Amino acid sequence: MTTHKAHCLILPYPAQGHINPMLQFSKRLQSKGVKTTIAATKSFLKNMQELSTSVSVEAISDGYDDGGREQAGTFVAYFTRFKEVGSDTLSQLIGKLTNCGCPVSCIVYDPFLPWAVEVAKKFGLATAAFFTQSCTVDNIYYHVHKGVLKLPPTDIDEEISIPGLLTVETSDVPTFEISPESARVLEMLVNQFSNLEKVDWVLINSFYELEKEVIDWMSEVYPIKTIGPAIPSMYLDKRLPDDKEYGLSVFKPMTDACLNWLNHQPVSSVVYVSFGSLAKVEAEQMEELAWGLRNSNKNFLWVVRSTEESKLPKNFVEELASEKGLVVSWCPQLQVLEHKSIGCFLTHCGWNSTLEAISLGVPMVAMPQWSDQPTNAKLVKDVWEMGVRAKQDEKGIVRREIIEECIKIVMEEEKGKMIRENAKKWKELTRKAVDEGGSSNRNIEEFVSKLLTITSMESQVP
């Protein structure tokens, strides 16, 4: 039986894009001798299509066991109840693990759930906040928290100064609809910093070379450590031999259909299109996207979730010549991005998707929708220079001509060569960061070392 010198209880916000990076970090910790247990909500676990992971999974409650956030109706109701019931059930889980002879040393929590710090302190446990968005975006929310910046900016000409970004326009900062619900979402994002001065570590799913200036700046304020990209090892350093999948999935991927189709396409010929697990695209935008893809005359693999399918133009799928395009409800994104036939990734620029494209060296056409995505798109285009950004019109729609033009720039024009070279450069830097001696690997080892020291000292206290 393996004996672990420390035990991390991992508390993610219950959404696939938040759980996956924390799960990957857990696997890294386990490879270095730290036991990890994911505390997932019952409502999230009920929706799992796949649950194959070496990490232990235990259930807590958000107070809405049958439907989670959807059952709650509003963010206010959800977060209020989650704080109350989550604190209670997390405390019970810590007690249960102690009684089983597997006491918890540290809670690694998603700062969307800042109340986890109070639970940890009650039990005398170490705490680590795990930010699942880019450090640049975290920096923006920090400035909002401090009252230095307002979202949306009050003046269109207001100069927004963010470390690592030379010029920032209002279209580059996180966006939210003007509504009470969106205001509550923004409040939650800003509240990530409400008690951060009480934590022992602040972990960021990024790597130092990717966001140097902003990481240096934030390190003056908080004990920041970059530990990313938190994606399966087999796509990066290959030091965890069985780590090819995240292991948790809300959607069932059409793996065979996707890979069989890609295997019949020429090298670097396919536009891969996906807007992630949450984004809802308007019907008008869906139509423009469909025609932009058709008119680009490129082969394309387009992920359209079943809940979004009704927005596709009438007969679009039926009229597709299967050799030209394939529309699927979900796909194994890492396997797709790694495939030799992929030429570019048309993406909403969610942080996980962005990191995956960087890690696998895939050029991007950025088409951000909301939240942190416009800032990530700014980084992709202007800082890392490994993609282009599709501009919206005054109605907030990206028209078919723009989509067609962006695809052609990346896949055909001279500028596309430079973008592809930069994509290769970032792919190499990403692998180095997580490999032996790399910046992220060193930070994880330092985290483990300090955790073991804390745990050892506590075990010696009579």
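**Close-up 1. Leu196 and the residues it touches.** In this predicted model, Leu196 touches Tyr109, Ala129, Phe131, Val202 and Tyr222, leaving out residues up to four places away in sequence. Look for Leu196 in the loop between α7 (180–190) and β7 (201–204). Is Leu196 buried or exposed? Its relative accessibility is 1%, so Leu196 counts as buried, since the cut-off for buried is under 20%. Pro114 is 82 residues from Leu196 along the chain, yet the C-alpha atoms of these two residues are separated by 8.2 Å.

**Close-up 2. Thr132 and its partner His18.** Here we visit the loop between β6 (126–131) and α6 (135–145), where Thr132 lies. With a relative accessibility of 7%, Thr132 counts as buried. Which residues are in contact with Thr132, once its neighbours within four places in sequence are set aside? They are His18, Pro21, Met22, Asp110, Asn205 and Trp351. With His18 there is also a polar contact, made side chain to side chain at 3.2 Å. Phe112 sits 20 residues from Thr132 in sequence, and the C-alpha atoms of the pair are 9.7 Å apart in space.

Close-up 3. Follow α13 from residue 351 to residue 359. Why can we call this helix largely enclosed by the rest of the structure? Because nine of its nine residues are buried. They are Trp351, Asn352, Ser353, Thr354, Leu355, Glu356, Ala357, Ile358 and Ser359. The elements that these buried residues pack against include the helices α1 (16–31), α12 (333–338), α14 (373–383) and α16 (414–434). Strands β13 (342–347) and β14 (364–366) are packing partners too.

**Close-up 4. Backbone on either side of α13.** Cys349 is in the loop between β13 and α13. Its phi is near 70°, a positive value in a residue other than glycine. Most residues other than glycine have a negative phi. Cys349 is also buried, because its relative accessible area is 0%. After α13 comes Gly361, with a positive phi near 65°.

**Close-up 5. Two backbone details between β8 and β9.** Pro229 is found in the loop between β8 (224–226) and β9 (248–249). The peptide bond leading from Gly228 to Pro229 is cis, with omega near 0°. For background, most peptide bonds are trans. Lys238 also has its place in the loop between β8 and β9. What is the phi of Lys238? It is near 60°, a positive value in a residue that is not glycine.

**Close-up 6. Helices α10 and α15 packed together.** Helix α10 (residues 283–296) and helix α15 (residues 400–411) pack at an angle of about 45°, and their axes are 8 Å apart. The two helices are therefore oblique to each other. The crossing of α10 past α15 is right-handed. On the α10 side, the residues that meet α15 include Leu289, Trp291 and Leu293. On the α15 side, look for Arg400, Ile403, Glu404, Ile407 and Lys408. The residues of this contact divide into five nonpolar, four polar and five charged.

**Close-up 7. Gln265 and Asn299.** Gln265 lies in the loop between α9 (255–263) and β10 (270–274). Its relative accessibility is 10%, so Gln265 counts as buried. What does the side chain of Gln265 make a polar contact with? The partner is the side chain of Asn299, at 3.0 Å.

How values were computed: Residues are numbered from 1 along each chain as its sequence is written. This is a predicted model: local features need pLDDT of at least 70, side-chain atom pairs count only at pLDDT 80 or more; totals for chains, interfaces and linings use all residues. Side-chain values use heavy atoms; hydrogens and water are left out. Helices (H or I, at least four residues) and strands (E, at least two) are DSSP runs, numbered from the N terminus. Buried means under 20% relative accessible area, exposed over 50%, partly exposed in between (1.4 Å probe, protein chains only). A polar contact is a pair of N or O atoms within 3.5 Å; within protein, one must be able to donate a hydrogen and the other to accept it, and residues adjacent in sequence count only if both atoms are side-chain atoms. Axes are lines fitted to C-alpha atoms, for helices over the stretch in contact, and angles run from 0 to 180 degrees between N-to-C directions. Angles under 35 degrees count as roughly parallel, over 145 as roughly antiparallel, 65 to 115 as roughly perpendicular and the rest as oblique. A crossing is left-handed if the near helix is turned anticlockwise from the far one by less than a right angle, and right-handed if clockwise. Contact means heavy atoms within 4.5 Å. Ala, Val, Leu, Ile, Met, Phe, Trp, Tyr, Cys and Pro count as nonpolar, Asp, Glu, Lys and Arg as charged, and the others, Gly among them, as polar.
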